[in-house]
Amino acid sequence: MKRMLIALAALTVAAAAQAELKISDAWVRATVPQQQATGVFMNITADKDVKLVAGSSPVAGLVEIHEMVMDGNVMKMRAVPGGLDLPAGKAVELKPGGYHVMLINLKQQIKAGETVPVTLVVEGKDGKKESVEVKAPVRALNTMAGSGAGAPMGAGAGMGMQHQHGMKH
């Protein structure tokens, strides 16, 4: 009986250490033939303070956490050094034109109607990492957010764009 109580206590401590993530409205933007990268978008709410630090997917050679920011009239996209904070209880939106997950070195064309598996890695303040798998439906290439309708990515007069991949894996 004592052993059972110790095992139950250990299990309770292990469960308490894990962060619960609520992921909603996950989707991937479709690609054209030969395109080498695309974005994954979603809303994430964590029950504890964690950071989104990495990811992987069987459809990509590299997965990075990115942000897109405007620098004057130039749109810049770059990896987020150190990961993306997911504050406890606060929804964080990964969307076109903001934070998102990049699938890089695509192994195939990503077509509307497919589903792409993506594994996200979060890290707690204690340094422990956990993974969660997301199955994201692929939406049409011109989708910006929400229901699948919207302006084409990069729409906007006079905007340039710079894209940087900084993380080494």
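Helices (H or I, at least four residues) and strands (E, at least two) are taken as DSSP runs and numbered from the N terminus. The model is predicted, so that local features require pLDDT of at least 70 and side-chain atom pairs count only at pLDDT 80 or more, whereas totals for chains, interfaces and linings use all residues. Residues are numbered from 1 along each chain as its sequence is written, and side-chain values use heavy atoms, with hydrogens and water left out.

The protein chain contains 1 helix and 11 strands, in the order α-β-β-β-β-β-β-β-β-β-β-β from the N terminus on. Of its 169 residues, 34% are buried, where buried denotes a relative accessible area under 20%, exposed over 50%, and partly exposed in between (1.4 Å probe, protein chains only). The accessible surface of the protein chain is about 9500 Å², and 56% of this area belongs to carbon and sulfur atoms; areas come from the Shrake-Rupley method with a 1.4 Å probe, and for residues only the protein chains shown count as cover. Contacts are defined by heavy atoms within 4.5 Å. Among contacts between residues at least 6 apart in sequence, 69% join residues at least 24 apart.

Thr-31 is located in the loop between β1 (21-29) and β2 (37-46). With a relative accessible area of 6%, Thr-31 is buried. Apart from neighbours within four places in sequence, the residues in contact with Thr-31 are Ala-37, Thr-38, Leu-106, Gln-109, Ile-110 and Leu-141.

Side chains of opposite charge can pair when their charged atoms come close. A salt bridge requires a side-chain nitrogen of Lys or Arg within 4 Å of a carboxyl oxygen of Asp or Glu. The structure has 7 salt bridges. One of them joins Asp-49 and Lys-125, with the closest N and O atoms 3.5 Å apart. This pair links distant parts of the chain, 76 residues apart: Asp-49 is in the loop between β2 and β3 (50-56), and Lys-125 is in the loop between β9 (115-124) and β10 (129-139). Asp-49 is partly exposed at 37% relative accessible area, while Lys-125 is exposed at 74%.

A salt bridge is also formed by Glu-67 and Arg-78 (3.3 Å, N to O). Glu-67 belongs to strand β4 (residues 60-71) and Arg-78 to strand β5 (residues 74-79), so the pair ties together parts 11 residues apart in sequence. Glu-67 is buried at 15% relative accessibility, and Arg-78 is partly exposed at 31%. In the salt bridge between Lys-76 and Asp-71, the closest N and O atoms are 2.8 Å apart. Lys-76 is partly exposed, with a relative accessible area of 22%, and Asp-71 is partly exposed at 44%.
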